[in-house]
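Student: I have a structure to work through and would like to check my reading of it. Can we go over it in questions and answers?

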Protein chains: 2
Amino acid sequence: MSNQENKKALGEKAMFACGGQSMKFPAPVFIKESASIVGKKEGEGPLGDLFDMVGDDDMFGCNTWEEAESGLQRDALHLAIQKAGLKTDDIRYLFAGDLLGQSIATSFGLAQFERPLFGLYGACSTCGLSLSLGAMAICGGFAEHVACVTSSHFASAEKEFRFPLGYGNQRPLSASWTVTGSGAFILSGSRGESAKAVITGITPGKIVDFGLKDSMNMGACMAPAAADTIYRNLQDFGRKPEDYDRIITGDLGKVGQRALLDLLLEREIDIAKQHMDCGIEIFDGETQDTHAGGSGCGCAATVLSAYILKKIEEGIWKRVLFVPTGALLSKTSFNEGQNVPGIAHGVVLEHID
Amino acid sequence: MSNQENKKALGEKAMFACGGQSMKFPAPVFIKESASIVGKKEGEGPLGDLFDMVGDDDMFGCNTWEEAESGLQRDALHLAIQKAGLKTDDIRYLFAGDLLGQSIATSFGLAQFERPLFGLYGACSTCGLSLSLGAMAICGGFAEHVACVTSSHFASAEKEFRFPLGYGNQRPLSASWTVTGSGAFILSGSRGESAKAVITGITPGKIVDFGLKDSMNMGACMAPAAADTIYRNLQDFGRKPEDYDRIITGDLGKVGQRALLDLLLEREIDIAKQHMDCGIEIFDGETQDTHAGGSGCGCAATVLSAYILKKIEEGIWKRVLFVPTGALLSKTSFNEGQNVPGIAHGVVLEHID
């Protein structure tokens with residue numbers, strides 16, 4: 001279906017479920033292509049063979065970790081554009097962000113593309129945020145192709161949020177390990193020859209604050225937001241968990257997963273059979289010393305690109321609810337004793353028949 | 001015009017000027033209401049009488065500057081919703097951001113509204129970014145009402161980007177003074193009784209890096225981005241400077257203004273008669289010791305709400321190009337010797353006949 005047809009279909013249905021917070025797109029938005037680049041440790045994990053590129057070391061030939069993270073975004077986007085058979089100029093807008101203060105990985109990673117940029121911040125949920133806004137731009141008829149890019153880097157994130165790496169602090173078992181990686185996605189209004197999946201709706205998330213303060217247990221901090229977004233999605237779309245082949249959170253990890261399942265059971269919703277978490281999948285917790293699991297914008301983005309989209313493309317999963325999760329803290333808010341609220345953005349991905 | 005009629009009008013024209021980077025909205029997006037709250041110093045400036053609320057001191061009764069900034073966002077949004085005669089639940093989505101690392105002013109300021117949040121980061125251009133995405137959501141038929149909120153705070157920004165205030169460092173004359181303030185805007189698909197202005201198009205900006213590195217001269221760092229966005233807007237819409245009653249940048253200040261006018265003259269575009277800068281307007285540089293002018297997300301947002309929208313509503317200005325400007329740096333990028341690129345997002349505002 002072309003973008004023009006999309007717009008014809010854009011009628012009264014755009015404001016689906018106005019009482020809720022979801023949008024059901026009246027016309028499909030295609031994920032035309034994607035690319036994933038990760039660091040050495042991620043390459044050694046269970047999904048290692050699936051990523052498009054794996055770095056030899058986490059500096060990626062740069063002088064600083066921040067530069068390395070910018071390079072990840074740049075290379076992921078270049079690769080995604082190339083795989084899609086497009087030129088940079090075909091990408092009308094960029095929707096991108098990262099975890100660093102003032103989103104510098106994005107600013108220095110994407111400048112050379114010289115495309116208009118909508119800069120985003122949703123902590124580790126930013127992949128869902130970028131796909132949501134990118135899909136709205138396509139569905140609304142504002143662009144034929146847009147790109148959505150997010151990244152994280154273990155070392156730049158530790159520096160940004162926690163302790164200097166040289167300090168060698170002990171990490172509790174509830175802590176997660178920030179993924180070094182970037183995922184880039186090309187969204188299009190037309191299917192083309194090789195689209196991977198279609199985005200049929202979104203459930204943008206609210207900030208949910210259960211009063212937790214432990215930045216070393218971000219899974220627990222984010223689980224209430226994930227539960228809220230999943231609950232709202234099921235309500236707004238009138239679906240049951242079994243209407244999804246998978247409900248996939250971003251980086252709750254093992255502790256957050258338990259909290260999520262419990263919170264939804266309190267609302268009489270059981271997603272134990274459908275639930276998967278990118279943070280649990282990307283590392284082998286037994287051998288890689290990553291404790292609760294992977295985290296970061298790059299976690300959900302690279303797992304979506306390398307693993308989830310392949311399953312959807314092959315039709316093994318027909319419909320997936322992808323819910324990247326973010327913990328809303330900074331070192332300033334943490335040091336001032338603030339809570340760590342969460343946010344989670346839901347994106348409905350479907351197989352193209 | 002109602003949202004339904006909007007969508008009918010949404011035809012082939014949505015992808016206006018595909019070769020360019022602008023969107024001309026096929027249906028109007030109304031700024032239904034707005035609110036502005038500022039600190040004491042801003043209240044003592046030339047526009048002091050126009051703001052909705054002025055604080056007695058910059059702590060606003062809070063324990064930290066960051067909490068105070070969150071409070072500004074919360075109060076500005078409450079007031080805007082109230083002035084619009086709406087309830088919180090009428091606001092389908094929030095588009096918001098601020099200057100602080102991980103956007104904590106937004107996270108802790110807007111949580112209690114319990115509305116889905118699209119978190120944004122565009123440095124001091126974030127007001128333009130939020131209006132652009134909010135307008136796309138309305139024009140695309142994804143919501144009937146959305147809110148766009150941005151803030152900055154002098155003390156939280158100095159702590160985030162420069163020196164501890166207690167250090168009492170000297171500021172060069174090219175430095176700007178971060179505005180303490182927040183502006184909130186309610187965008188709607190229908191005009192209602194009292195809409196202030198209509199958004200007819202946008203020109204989302206690219207990252208523009210001229211290699212400047214002086215974070216104490218952000219006006220010069222941002223001027224190339226402003227020039228690029230203004231140039232693109234005029235090209236994409238086929239307009240001349242005199243087609244606008246005012247072309248209003250966010251926070252270039254006096255140094256940046258000179259650079260902007262020179263850069264556009266090199267392209268044979270003279271906007272000297274139309275140009276105005278929110279940063280120059282908000283303070284009296286002679287008596288308030290603010291050097292080049294005001295800056296920050298709150299600068300453009302509060303001046304738009306308190307001053308620009310009134311002029312447009314009254315028909316004194318029929319068409320305005322509003323171009324908030326952002327400097328893309330963090331203390332990390334600055335300390336690592338990176339440049340300070342700029343970005344500027346253009347929004348076309350018109351009088352409602």
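**Salt bridges, interface and core**

Tutor: In this predicted model, B:Glu313 and B:Lys196 form a salt bridge, with 3.4 Å between the closest N and O atoms. The pair ties together parts that are 117 residues apart in sequence, because B:Glu313 lies in helix α11 (residues 297-313) of chain B and B:Lys196 in the loop between β7 (181-188) and β8 (197-203) of chain B.

Student: Is B:Lys196 buried or exposed?

Tutor: The cut-off for buried is under 20% relative accessible area. B:Glu313, with 34%, is partly exposed. B:Lys196 has a relative accessible area of 15%, so B:Lys196 is buried.

Student: In chain A, which residue does A:Lys196 meet in a salt bridge, and where do the two lie?

Tutor: A:Lys196 is in the loop between β7 (181-188) and β8 (197-203) of chain A, and its partner is in strand β1 (residues 23-38) of chain A, 163 residues apart. Both residues of this pair are buried. The N to O distance is 3.5 Å, and the partner is A:Glu33.

Student: Which residues are linked with A:Lys196 in a network of salt bridges?

Tutor: The pair of A:Lys196 and A:Glu33 belongs to a network of salt bridges.

Student: A:Lys40 forms a salt bridge with A:Glu44. Is A:Glu44 buried or exposed?

Tutor: The closest N and O atoms of A:Lys40 and A:Glu44 are 3.2 Å apart. A:Lys40 has a relative accessible area of 42%, so A:Lys40 is partly exposed. For A:Glu44 the relative accessibility is 52%, and the residue counts as exposed.

Student: How many salt bridges does the rule find across the interface of chain A and chain B?

Tutor: Over all chains, the count comes to 27 salt bridges. One salt bridge joins the side chains of A:Glu336 and B:Lys159, at 3.0 Å from N to O. Across the interface of chain A and chain B, the rule finds two.

Student: Which helix of chain A gives the most to the side that touches chain B?

Tutor: Chain A puts 69 residues into the contact, and chain B also puts in 69 residues. Between the chains, 18 residue pairs are in polar contact. On the side of chain A that touches chain B, six residues come from the helix that gives the most, α5 (residues 126-139).

Student: What is the area buried between chain A and chain B?

Tutor: The size of an interface is often given as the accessible area lost when the parts come together. Here carbon and sulfur atoms give 66% of that area. The area buried between chain A and chain B is about 5400 Å².

Student: In the largest nonpolar core, which residues touch the most other members?

Tutor: Nonpolar side chains tend to be buried together in soluble globular proteins. The largest nonpolar core has 114 residues. Beyond its neighbours within four places in sequence, A:Leu77 is in contact with residues including A:Leu94, A:Phe113, A:Val149 and A:Ile186. The residues that touch the most other members are A:Leu77 and B:Leu77.

Student: Which residue of chain B is in contact with A:Pro341?

Tutor: A:Pro341 is found in the loop between α12 (331-335) and β14 (342-344) of chain A. At 1% relative accessibility, A:Pro341 counts as buried. Leaving aside neighbours within four places in sequence, its contacts include A:Ile207, A:Cys221 and A:Leu328, and from chain B the residue is B:Phe108.

Student: What is the phi of A:Asp289?

Tutor: Most residues other than glycine have a negative phi. A:Asp289 is found in the loop between α10 (285-288) and β11 (294-295) of chain A, and at 52% relative accessibility A:Asp289 counts as exposed. B:Asp289 also has a positive phi, near 55°. A:Asp289 is not a glycine, yet its phi is positive, at about 55°.

Definitions and conventions: Residues numbered from 1 in each chain as written. Chains lettered and ligands numbered in written order. Predicted model: local features only at pLDDT ≥ 70, side-chain atom pairs only at ≥ 80, totals over all residues. Heavy atoms only, no water. Contact = heavy atoms within 4.5 Å. Buried area = accessible area lost by both parts, 1.4 Å probe. Salt bridge = Lys/Arg side-chain N within 4 Å of Asp/Glu carboxyl O. Polar contact = N/O pair within 3.5 Å; in protein donor to acceptor, adjacent residues only side chain to side chain. Helix = DSSP H or I, 4+ residues; strand = E, 2+ residues; numbered from the N terminus. Core = buried A, V, L, I, M, F, W, Y, C linked by side-chain atoms within 4.5 Å. Buried < 20%, exposed > 50% of the residue type's maximum accessible area, 1.4 Å probe, protein only.
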